[in-house]
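Biologist: I have the model open and a few spots I want to go through. Can you take them one at a time?
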Amino acid sequence: MSVRTFPTTGPGAVPDPEVAAMLAVLDAGFPDVAAMTAADARAAIRARRAAPQRLPDMREVRDIAIDGPGGPLPLRVFGPHHDGGALPVIVFAHGGGFVFCDLDSHDEFCRSMAAGVGAVVVSVDYRLAPEHAGPAAHDDMFAALRWTAQNAAALGGDPSRIALAGDSAGGNLAATVAIAARDAGGPAVAAQILLYPVIDDDFETESYRRFGTGHYNTTSAMRWYWQNYAPHGTDDVRLVPTRAASLAGLPPSVVITAELDPPCASGDAYAQRLAADGVTVRHRRYDGLFHGFLSIASLSATVAAREQIWSMVRDVLDPA
């Protein structure tokens, strides 16, 4: 089955001045996490974060805790304003290199996705590395999927339209849990939504060679994330989805990559492999954009990209 690709500006296009300015600020100001302990990196990242504005407005937002593999597992459930019947449900894993970020760091993004797609979003506060090395985060995400499948109707959701989603490291978790759910015979997953996902630990791809420094997300940081998350190696499909013998039978997929992101080539290749194994794929690479851009709501390019991506997600969750 072929990949359905979407046009971009094309590599080599004139850089957007707003994007270039934002990238310069991020690259100059982001902490050198590879030289820090995990605790110090978390503190530095948290200090950079503005106070959550809790926008856009939701019909309902609930913080709950479920029984997880490592104890209580916090979730935040976003219910958008809507008229009509049951909505699709998106189980979302935040990015942060498996080491930092939380429910608050991605609160605005989850609200915007819930409103833009028209879906209930269940955000998962999974255990972080290195205190909880992989596959702890994967196991938490799988537990959240199982809980959501059992409780979707009570959330105002449609149990037949549950998607897995995540950005960056969260994209890895969405991808590995989609495989685990397939191999376990459920819960049924209607779609996987992978936003500049961290697919594997191959640091020799073209995008790593070209964009591994000077573009905010760095090769050294990515190595550090993997060392924290997978200190005993990555030969485990629960850590690296490409370790699966086949991707056949996985749900329809939305794969978003960013040209200036070191993991971009791996995400592009994963979209191609999904399609080669018979999975319906909607894939768009955003040329001229960088890792994490979808979380920067003030960026004009982000506003436009979100609208395009929400439309792609609506299409895959409600193909009729």
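Biologist: Where is Pro 130 found?
Modeller: Pro 130 sits in the loop between strand 5 (120-124) and helix 4 (136-151). Helices here are DSSP runs of H or I with at least four residues, strands are E runs of at least two, and both are numbered from the N terminus. The peptide bond from Ala 129 to Pro 130 is cis, with omega near 0°.
Biologist: And the bond from Gly 186 to Pro 187, cis or trans?
Modeller: That peptide bond is cis, again with omega near 0°. Pro 187 is in the loop between helix 5 (169-184) and strand 7 (191-195).
Biologist: Before I go on, what are the ground rules?
Modeller: This is a predicted model, where local features need pLDDT of at least 70, side-chain atom pairs count only at pLDDT 80 or more, and totals for chains, interfaces and linings use all residues. Residues are numbered from 1 along each chain as its sequence is written, and side-chain values use heavy atoms, with hydrogens and water left out.
Biologist: Ser 207 next. Buried or exposed?
Modeller: Ser 207 is buried, with a relative accessible area of 5%. Buried means under 20%, exposed over 50% and partly exposed in between, using a 1.4 Å probe and protein chains only. Ser 207 lies in helix 6 (residues 206-211).
Biologist: What does the side chain of Ser 207 reach, and at what distance?
Modeller: The backbone nitrogen of Ala 265, at 3.0 Å. A polar atom of the Ser 207 side chain also lies 2.4 Å from the backbone oxygen of Pro 262.
Biologist: Which residue has a positive phi of about 60° although it is not a glycine?
Modeller: Ser 168. Ser 168 is in the loop between strand 6 (157-167) and helix 5, and is buried at 7% relative accessible area. Tyr 216 also has a positive phi, of about 80°, and is partly exposed at 21%.
Biologist: Different topic. At what angle do helix 3 and helix 9 cross?
Modeller: Roughly 55°, with the axes of helix 3 (residues 107-118) and helix 9 (residues 300-317) coming within 9 Å. Axes are lines fitted to C-alpha atoms, for helices over the stretch in contact, and angles run from 0 to 180 degrees between N-to-C directions.
Biologist: What do you call that arrangement of helix 3 to helix 9?
Modeller: Oblique. Under 35 degrees is roughly parallel, over 145 roughly antiparallel, 65 to 115 roughly perpendicular, and the rest oblique.
Biologist: Which residues make the contact?
Modeller: Among them are Phe 109 and Met 113 of helix 3, and Trp 310 and Leu 317 of helix 9. Contact means heavy atoms within 4.5 Å.

Methods. A polar contact is a pair of N or O atoms within 3.5 Å; within protein, one must be able to donate a hydrogen and the other to accept it, and residues adjacent in sequence count only if both atoms are side-chain atoms.
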